[in-house]
Amino acid sequence: MEISSKPSPMTIWIYGLSASGKSTLGKILFGWLVGRGYSNVELLDGEFLRSKLDRKYGYVIDEIIAYEQNIAKIANSANIVRRNHAIVCSMTHMETMRHFSKSLIKDIVEVYLYCDVETCGKREYKSRYSRALVGEYKFLPGVTDTFEVPTNPDLTINTAQADIVSAAKILFGYFQKNFPI
């Protein structure tokens with residue numbers, strides 16, 4: 001898995017709790033790669049995709065798994081059919097979801113954003129955490145559902161301690177070291 005002038009397309013899967021920084025870091029990474037001349041990069045943000053897919057997915061576990069599998073298929077299609085790198089930003093809160101993605105996508109890099117529930121709750125602007133804590137919001141991994149901590153991600157960034165600039169530097173450093181560009 002190498003990003004160079006004509007590398008095999010790869011998927012960078014950024015996951016973690018809601019408000020851990022997935023979309024923000026994904027957008028920054030996208031801009032960083034495009035700024036280095038990579039025009040073949042797709043940003044697949046989970047929240048955006050949820051509103052654009054032809055099927056509306058709910059928040060029961062079978063639908064969530066189907067939704068995450070659909071995202072993996074879209075990323076795989078970006079790699080195989082469109083020959084693009086894919087940056088996925090999605091909660092992906094279960095190991096079974098991550099395993100499916102790794103079994104489907106040939107070249108995948110997992111980036112886990114660790115951030116505790118308290119910090120995420122202070123950051124988020126949709127009041128999901130406060131609503132979930134009082135039972136008004138039915139599905140929120142880390143509060144109303146388990147977030148399975150990954151066993152072996154390629155990179156873990158503690159976004160509770162690192163501000164967004166520091167987190168981006170960690171991410172860029174990882175890619176410069178492991179995938180010279």
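**View 1. Helix α1 makes the greatest contribution to the lining of the largest pocket, giving five residues.** Helices here are DSSP runs of H or I with at least four residues, and strands are runs of E with at least two, numbered from the N terminus. The model is predicted, so that local features need pLDDT of at least 70 and side-chain atom pairs pLDDT 80 or more, while totals for chains, interfaces and linings use all residues. Residues are numbered from 1 along each chain as its sequence is written, and side-chain values use heavy atoms, without hydrogens or water.

**View 2. The largest pocket holds about 810 Å³ of space.** A pocket is an open set of points on a 1 Å grid over the protein atoms alone, where a 1.4 Å probe fits, with protein on both sides within 12 Å along at least five of seven lines, and lining residues have an atom within 4 Å of a point; the volume is that filled by probe spheres set on the points, which are joined across faces, edges and corners. Of the 34 lining residues, S18, A19, K22, E47 and R128 are the closest to the centre.

**View 3. Five strands form an open, parallel sheet in the order β2-β3-β1-β4-β5.** Strands count as paired when DSSP finds at least two bridges between them, and the edge strands, β2 (41–45) and β5 (155–158), each pair on one side only.

**View 4. Strands β1 (residues 11–16) and β4 (residues 108–114) run parallel and are joined by six bridges.** Within this pairing, T11 has I108 of β4 as its bridge partner.
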